[in-house]
Every structure is written in structure tokens, then in C-alpha cells.
Amino acid sequence: MRSVSILGATGSIGASALDVVRRHPDRFRIASLSAHRDVDRLIALAAEFRPARVAIADAGLIDALADGLRESGVDAEALAGPAALEALASDPAADTIVAAIVGAAGLGSTLAAARAGKRILLANKEAVVLAGALLIPALASGGGELLPIDSEHNAIFQCLPRGYDGDPDRHGVERIILTASGGPFLRTPASELARVTPEAACAHPNWTMGRKISVDSATLMNKGLEVIEAHWLFGAPASRIEVVVHPQSVVHSLVAYRDGSVLAQLGQPDMRTAIAYGLGWPDRIEAGVAALDLAALARLDFEAPDRTRFPALDLAYHALEAGGTAPGVLNAANEVAVDAFLNGRIGFAAIATVVRDTLERLAAEPVRDIDQLLAVDRAARDAALRSIAERA
Ligand code: NAD
Ligand code: MG
């Protein structure tokens, strides 16, 4: 029996993870759940899954949480604030942590889980982009294991040999190939991109996801963040990580080997496959995902990404090559710019411009420690807000 904590339980990944857990009452029980502000949803989930501890990140909502749990007859300890997320992530009562918080807000809990030697099912890619240089050593010293559940990285994990140790050359790995759906604006002319709405950006053709990652998929920044994520998880340099657009989202990613073999993982565009892989690993467990019918699909298409209409992809490659704190600057500026776009303060095309401005304003430094990374994250958010104000 594994005992699972879901950080970000009220989100899209949280819902998919709970759906897999619900199918296997004999294998998994929920140790704890967390959310940002959605107290009602969190209480409803607690009433169903009966965790021992429940946390709300917005500390102002602690009374609402505690009262609601009592009224619903749920006997769980209520906690609040960012420190509570770290407490859940390192709680000895849980062996598996689903890191499903969106953005750099997930960093503290993801790092805490790594230090505590947990099995981490990692969806929170922003934490790796910002702090891969600290997270990977923390995992090694904590003695836990990281199972990627971002679908591309889960596919790569499945296509790499068991026991892969982060050295592509030792295992004959030539290239890592990430597939990208291309998002909702794959065929939208450049002249129209400035006017697209948040609703259109969030209407992804293949996946149903949270709003932030949906916008990232539309700009291709999501793929850029995933290139950086792949660098940290699999030890490959930027020059050996490729992106190919594959509109059907059936081939989730591929690994090319020295001998000419290319291994791919295929499946429905349904996050429950990757989550079930991580929860059950090394066993394969039922995920509720429909079988893949290749004859009905009939074809799989691939094309090169358009780096002119979607400049965010190259910004991410440049940040990875600059190294040090540059990926953290990229991530923070992107979080601020996406939020401004979702709130109608800037247009879609300005997201990449704000990120570029911010990268130009803050020089990359070698990574020292967490306090430095958090300070750079704050400085990048301030610089991005100034860039947005100048454009208004
Ligand atoms: P979402 O917006 O649907 O859910 C985010 C969750 O994080 C919610 O439970 C929310 O309450 C919590 N949260 C938000 N801000 C927080 C804060 N400041 N402090 C604490 N908790 C906070 O997002 P999602 O689509 O589920 O994505 C979650 C993560 O998984 C992201 O990093 C995303 O890039 C990654 N991911 C998602 C998908 C997908 O299909 N949705 C696929 C791959 C990777
Ligand atoms: Mg992905």
C-alpha cells in the first residue's frame, strides 16, 4: 500500500491523479491534499479521500478550511501557508508526493520532498526550470526517486534504458526528441496572433489543462520549459534536445540512439497514463485510458516548429545555453507575462517580448543557493512588471 500526498489537488493534474487513485483502493491511500484558494473543492476532496492532513496555501483561508472540514465531519488536521506545503511534502506518513502545483510556487514543496527521499511524481516543471541545479543534487542526497509525469518526459523515461544514470553517452543516447502539439494557433498567421483572446489560447486542441500551461502551449513556451526540464532530468545538453511538432499528440516523445534506433512512447493524450505509470512504477496499472486504435488514427504527422511566429521556444534555448540563473529569469518573466495576458493587460505576442526584455535586463549568474534563486525570481518578476507597464 502506497500513501500518496497530492500537492495541487484541485487542479487538472490533481484531478487526474485522484481519478487513478480512486481506481485502486487496494494499492493507494491519500495521506494529504493541498490547494491554493479553492477551499470548497478541497473540503469535498477531503470528504471523499479522508486524508490525515489538508493544507490551503492562502493562509487567510485557514478558518474557512478548519470550519468546513468540521462541518463535513472530516477528521483531518488543517494547515495553511507555504510552510504547510513543505510539511506535507516531507511528512513521514507519505511515501509518494504528486508535485502538481503550478509555477515557482511549487518549488519549496518539491525541494522538501526531494530532501526527504520521497518518490516524487513531478508535474511542476517550473520548479525544475528555476532550480534544477539544486533539485537534482537534493534528490541524490535524499535518496528518493523522481518519476516525471509531464507526458513528454514520462515518454522519454519509458524509452530510456532502466538504470539510466543521466549520462547520454554511456547509454548510447544521441538525441532526445520532444513532441509539441503546436497548440491552438499552429496555423494562425503572424498578423492575427497579436489579437487572439485568452479564451482562444486556453482552448487546446488535444489536452484539457490549467490556464497557465494552456497559454504556454499556445506560445510554445511550454515546450521551451520542457527542453530545460529534459536537460535537468536526463543530463542532455541543449544541442541534443530537439523539438518536433506533432499535431495529434499521440507520440508523446522519442529517444534516438547511436545505432539509428528511435524509440517512441505512444498513447492517448490523457495524463492518467503518465500518472498511473508513476504511481504504479515499476508495475503497470490500469489508468482508465481508452486503448489506442492505430487504424482509426490512420496517420501521424510531424513538422518543424515555426520559430518566427513562436519566438518563446528560442528564448528558452538561449536561457538554457546562458545557464545559471537565466532559466529562472525566463520562468518568472513568463509567469508574470502569462498572468498579464490572461487578465487582458497585454496581447498574446507581447508575452515573448516581455520575457525577452527581462532576460536582457538581468544578467545570468552561476547558481549558488535557494535564497539567491528566490531573489532572482523576485527581481525578474519586478523587471517583467516594469516591461509590461512600459508597453501599456
Ligand atoms: P491547474 O491550474 O489546473 O492547477 C494548479 C494547482 O496548483 C491547483 O490545485 C492550485 O490550487 C494549486 N496552486 C496554484 N497556485 C498555487 C500557489 N501559489 N500555492 C500553492 N498552490 C497553488 O494546473 P495544472 O494544469 O494541473 O498544472 C499543474 C502543473 O503540472 C504545472 O506545473 C503544469 O505545467 C504541469 N503539467 C500539467 C499538465 C496538464 O495536463 N494539466 C501536463 C503536464 C504538466
Ligand atoms: Mg508536457
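Reader: What should I know about the numbering and the model before we start?
Author: Residues are numbered from 1 along each chain as its sequence is written, and chains are lettered from A and ligands numbered from 1 in the order in which they are written. The model is predicted, so local features need pLDDT of at least 70, side-chain atom pairs count only at pLDDT 80 or more, and totals for chains, interfaces and linings use all residues, while side-chain values use heavy atoms, with hydrogens and water left out.

Reader: OK. At what angle do H6 and H11 pack?
Author: Helix H6 (residues 125–142) and helix H11 (residues 221–234) pack at about 20°, and their axes are 9 Å apart. That angle makes H6 roughly parallel to H11 (under 35 degrees counts as roughly parallel, over 145 as roughly antiparallel, 65 to 115 as roughly perpendicular and the rest as oblique). Helices here are DSSP runs of H or I with at least four residues, strands are E runs of at least two, and both are numbered from the N terminus. Axes are lines fitted to C-alpha atoms, for helices over the stretch in contact, and angles run from 0 to 180 degrees between N-to-C directions.

Reader: Which residues make that contact?
Author: On H6, Lys125, Val128, Val129, Gly132, Ala133 and Ile136; on H11, Asn222, Leu225, Glu226, Ile228, Glu229, Trp232 and Leu233. Contact means heavy atoms within 4.5 Å.

Reader: Different spot. Is asparagine 334 buried or exposed?
Author: Asparagine 334 counts as buried, at 0% relative accessibility. Buried means under 20% relative accessible area, exposed over 50%, and partly exposed in between, with a 1.4 Å probe and protein chains only. Asparagine 334 sits in helix H15.

Reader: What does its side chain make a polar contact with?
Author: The side chain of aspartate 216, at 3.0 Å from the side chain of asparagine 334. A polar contact is a pair of N or O atoms within 3.5 Å; within protein, one must be able to donate a hydrogen and the other to accept it, and residues adjacent in sequence count only if both atoms are side-chain atoms. Leaving out residues up to four places away in sequence, asparagine 334 also touches residues including Leu225 and Val355.

Reader: And threonine 110, where is that?
Author: In helix H5 (residues 107–115). Threonine 110 is buried at 3% relative accessibility, and its side chain reaches the backbone oxygen of glycine 106 at 2.7 Å.

Reader: What about glutamine 248, where does it sit?
Author: Glutamine 248 is in the loop between E9 and strand E10 (251–257). A polar contact of 2.8 Å joins its side chain to that of aspartate 301.

Reader: Backbone now. Which residues does the cis peptide bond join?
Author: Tryptophan 281 and proline 282, with omega about 5°. Proline 282 is in the loop between helix H12 (272–280) and helix H13 (294–297). Most residues other than glycine have a negative phi, and most peptide bonds are trans.

Reader: What is phi at leucine 220, then?
Author: Near 75°, a positive value in a residue other than glycine. Leucine 220 lies in the loop between H10 and H11 and is buried, with a relative accessible area of 3%.

Reader: And alanine 298, buried or exposed?
Author: Alanine 298 counts as exposed, at 66% relative accessibility. Its phi is positive, about 70°, although it is not a glycine, and alanine 298 is in the loop between H13 and H14.
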